[in-house]
Amino acid sequence: MNDAFPLPEGYETSTDPTRLDVGRVHRWLSSDAYWALGRPREKQERAIAGSLNFGVYETTSGEQVAYARVVTDRATFAWLCDVYVDPALRGKGIGKALVGAVRAHLEPLGLRRVLLATQDAHTVYEQLGFRPLVEPDRWMALVFD
């Protein structure tokens with residue numbers, strides 16, 4: 001699925017929603033991800049249900065070790081979000097491989113763009129082809145506080 005940044009041996013990526021450990025994903029995001037701190041479980045479950053989800057799993061145990069979510073119409077646009085790797089496994093290339101797998105999955109759809117927002121991982125995403133917005137003054141956001 002992703003040749004540029006392959007997963008380490010012993011791990012696999014899947015988009016099968018039945019494999020997701022929803023409790024683990026919620027715990028990771030709501031307690032350790034700056035963008036989702038305090039997110040209620042019900043809201044996380046709705047987000048999962050309305051998205052294309054990617055998990056990375058240990059091949060022997062089936063345990064989920066990473067997660068990413070894509071909001072997309074599968075035709076023109078996608079937003080990559082909630083990318084998370086278990087802290088004990090960071091630095092092994094799992095995150096890059098996961099985002100590479102997301103990119104490989106989305107590329108044949110003919111999307112015009114895939115957006116993401118990050119506070120601290122710009123260099124990681126740049127390695128996978130993401131760039132700052134060329135014309136950020138064209139973009140606006142409706143934010144409900």
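## Aromatic pairs

Two rings of Phe, Tyr or Trp count as a pair if their centres lie within 6.5 Å, with the six-membered ring used for Trp. In this predicted model, the structure holds three such aromatic pairs. One of them joins Y34 and W35: the ring centres are 5.0 Å apart and the planes meet at 85°, so the pair is edge-to-face. Y34 is partly exposed, at 39% relative accessibility. W35 is also partly exposed, at 36%.

Y125 and F130 form another edge-to-face pair, with centres 5.8 Å apart and planes at 80°. Here both partners are buried: Y125 has a relative accessible area of 11%, and F130 has 17%.

## Arginines over rings

Two tyrosine rings carry an arginine over the face. R19 sits over Y57, at 4.1 Å from the ring centre. R90 sits over Y84, at 4.9 Å from the ring centre.

## Helix α2

Helix α2 spans residues 41-49, and its buried residues are Q44, A47 and I48. Viewed down the helix axis, the buried residues fall within an arc of 100°, so they line one face of α2. R46 and A49 are exposed on the other side.

## Salt bridges: R24 and E63

The count of salt bridges comes to nine. One of them joins the side chains of R24 and E63, at 2.7 Å from N to O. R24 belongs to helix α1 and E63 to the loop between β2 and β3, so the bridge ties together parts 39 residues apart in sequence. R24 is buried, with a relative accessible area of 15%. E63 is partly exposed, at 34%.

## Salt bridges: D82 and its arginines

D82 takes part in a salt bridge with R39, where the closest N and O atoms are 2.8 Å apart. This pair links distant parts of the chain: R39 lies in the loop between α1 and α2, D82 in strand β4, and they are 43 residues apart. R39 is buried, with a relative accessible area of 17%. D82 is buried as well, at 4%.

D82 also bridges to R69, with the closest N and O atoms 2.9 Å apart. R69 lies in strand β3 and D82 in strand β4, so this pair ties together parts 13 residues apart in sequence. Both D82 and R69 are buried. Elsewhere, salt bridges with shared partners join D21, R24 and E63 into one network.

Notes:
Residues numbered from 1 in each chain as written. Predicted model: local features only at pLDDT ≥ 70, side-chain atom pairs only at ≥ 80, totals over all residues. Heavy atoms only, no water. Buried < 20%, exposed > 50% of the residue type's maximum accessible area, 1.4 Å probe, protein only. Helix = DSSP H or I, 4+ residues; strand = E, 2+ residues; numbered from the N terminus. Arc of directions from axis to C-beta. Phe/Tyr/Trp six-rings, centres within 6.5 Å; stacked < 30°, edge-to-face > 60°. Lys NZ or Arg CZ within 6 Å of the ring centre and 35° of its normal. Salt bridge = Lys/Arg side-chain N within 4 Å of Asp/Glu carboxyl O.
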